[in-house]
Amino acid sequence: MKLLKPKLYSLILVLILAVVVTALGGGVFNQQLVWVEQWQHRLFRGLCHQIPDRSFWINGQPMAVCSRCAGIYGGFAIGWVFLGIVLYVKKRMAIPFKRIILLTIGINLLDFVGNMLGLWENTLASRFGLGLSIGLSAALLFAENKS
Amino acid sequence: MNQVNNQEHNYWPSVGLAGAVFGMLLFVISLFGSYAAINSEPTGSYFSPYQIIWTLACFVGAFGGLFAVWHYVQHEGQGGVTLGKGALIGFFAGAAVTIVNVLLSEVWQGIDPEMNERLVESTIRNLEEMDLPGDQKQMMIDSAAEGMREDQNIFAQIFWSVPMYGILNLLTGMIGAKSFSSREPEDTVE
C-alpha cells in the first residue's frame, strides 16, 4: 500500500507546516517589530480575531492566531502526518470521520456560543483542545473508507 | 477499480458562484464588526470585543472551497472529482472570495468614505486607554494607524488575504472532494 499521489500529499504537508510556523507569530523568530504589524499577524488578520488574551504567547509575543485556531491548524498538521503513516501501512479505516468532523464543529460552536452568553468560561487549553479535534478529524477524513 | 471521471468540465462557474456568495457574506460580517467596533466604548485594548464577530467571517470565508466543489460535483463533475481538482477549485474559490470581499469594500468606501478613518480613530482611542509607558503607547498607536491605513490599499488587501484564504479553501475543497463524490476519489491510495 502506498500513496498514489505523493506530490499532492507533499504539497499539502508543506503548506500546512508553513501555516503552522506562520501562526506561531514573531516571538519564535524574536522579531523586533511591534507584533500587531508583523507579517504573520497581517496574514491572519482577516481570519482570526487575534485577541492576545485568547492566544498563547511565545517569547513575550502573542501568536498570530488565537488558541482555537492554533489547535485547528496544529491538529490538521499532526493528522496529515499521521494520515501518511496510516495510508502507507494499511487500507482506509472504517471510522466515520465525516460525522466526527460535524460533531467537533458542533461542539466548538456550542462552546463559542455558551462562552459568549456567559453560560461558562472556556480557557486557552480548552479552546486549543477543541480546535485540535477539528483539525485532526479533518485530516483523517482522507483515511475514511467510503464503502 | 472505479475511476472518477476526470473529463475537463468547466469549474469556473462554481468558483465564481462561491466567490460571489461567500465573498458577500464575508463583507457583510466584516462590515457589521467594523461598525460595532466604531460605536463601542474604548476598552484599553487594541482589540475590540466585537472582533469575535470577525471569527465568524473567517469561518464563513473558509467554506467557499467546500461549496464550490459541491456545486461542481452536482452540476459538472458527474458524481465525482479528484482530490487534486478539489484542491484547485478550492484555492481558486478562496481567491475569488477575497477579491469579491475587497471589491465590495471598495464600493462601500464610496458610500461611507469616512468609515475606515473612524475605525482607525476607534483603534487609537482604545490604545490611548491602555496602561502602558508613554513612548511604548505612542509607538503602538503610530504602528497601528500606519498599518491600518496601508491595509486600505486594494492591492495590499488582496496581497495579504489571498494566500491564507487560498490555502484554507484549498483544504476545504479537498474535504469537499472527499465528502461529495459518490465514488472514492482514488488520488491517495493505490
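Leaving out neighbours within four places in sequence, V65(A) is in contact (heavy atoms within 4.5 Å) with A23(A), F44(A), C48(A), S55(A), A70(A) and Y73(A). This is a predicted model, in which local features need pLDDT of at least 70 and side-chain atom pairs count only at pLDDT 80 or more, while totals for chains, interfaces and linings use all residues. Residues are numbered from 1 along each chain as its sequence is written, chains are lettered from A and ligands numbered from 1 in the order in which they are written, and side-chain values use heavy atoms, with hydrogens and water left out.

V65(A) also turns up in the largest nonpolar core, a set of 68 residues. A nonpolar core here means buried Ala, Val, Leu, Ile, Met, Phe, Trp, Tyr and Cys residues joined through side-chain atoms within 4.5 Å; buried is under 20% relative accessible area, exposed is over 50%, and partly exposed is in between, with a 1.4 Å probe and protein chains only. Alongside V65(A), the residues with the most contacts inside this core are I12(A), F44(A), L47(A), Y73(A), F76(A) and W80(A). As background, nonpolar side chains in soluble globular proteins tend to be buried together.

Where does L168(B) sit? Its place is in helix α7 of chain B, and with 14% relative accessibility L168(B) counts as buried. Setting aside residues up to four places away in sequence, L168(B) touches L47(A) and Y73(A) from chain A, plus A62(B).

As for the secondary structure, helices (H or I, at least four residues) and strands (E, at least two) are DSSP runs, numbered from the N terminus. Chain B has seven helices and zero strands, so its elements simply run α-α-α-α-α-α-α from the N terminus on. Of its 190 residues, 55% count as buried. Among contacts in chain B with a separation of 6 or more, 82% are accounted for by residues 24 or more positions apart.

Two helix pairs in chain B stand for the packing here. Axes are lines fitted to C-alpha atoms, for helices over the stretch in contact, and angles run from 0 to 180 degrees between N-to-C directions. Helix α1 (residues 12-38) and helix α3 (residues 64-75) of chain B pack at about 140 degrees, with axes 8 Å apart. α1(B) and α3(B) are therefore oblique to each other, given that angles under 35 degrees count as roughly parallel, over 145 as roughly antiparallel, 65 to 115 as roughly perpendicular and the rest as oblique. On the α1(B) side the contact is made by S14(B), V15(B), L17(B), A18(B) and F22(B), and on the α3(B) side by G64(B), F67(B), A68(B), H71(B) and Y72(B).

α3(B) also packs on α7(B): their axes come within 7 Å and cross at roughly 35 degrees. From α3(B), the contact involves G64(B), G65(B), L66(B), V69(B), W70(B) and V73(B); from α7(B), the partners are N169(B), T172(B), G173(B), I175(B), G176(B), A177(B) and F180(B).

Chain A has five helices and two strands, in the order α-α-β-β-α-α-α along the sequence. Its C-alpha atoms fill a box of roughly 50 × 40 × 20 Å, taken along the principal axes. Of the 147 residues of chain A, 52% count as buried. N30(A), in the loop between α1 (6-23) and α2 (39-44) of chain A, has a positive phi of about 55 degrees although it is not a glycine; with a relative accessible area of 46%, N30(A) is partly exposed. N59(A), in the loop between β1 (57-58) and β2 (61-62) of chain A, has a positive phi near 55 degrees, and at 52% relative accessibility N59(A) counts as exposed.

On confidence, the model scores ipTM 0.84 and pTM 0.84. Chain B averages a pLDDT (the predictor's confidence in each residue, from 0 to 100) of 81, and 83% of the residues score at least 70. Over residues 1-6 of chain B the pLDDT is below 50, and this stretch has twelve contacts in the model beyond near neighbours in sequence. Where pLDDT is low, the predicted coordinates should not be read in detail.
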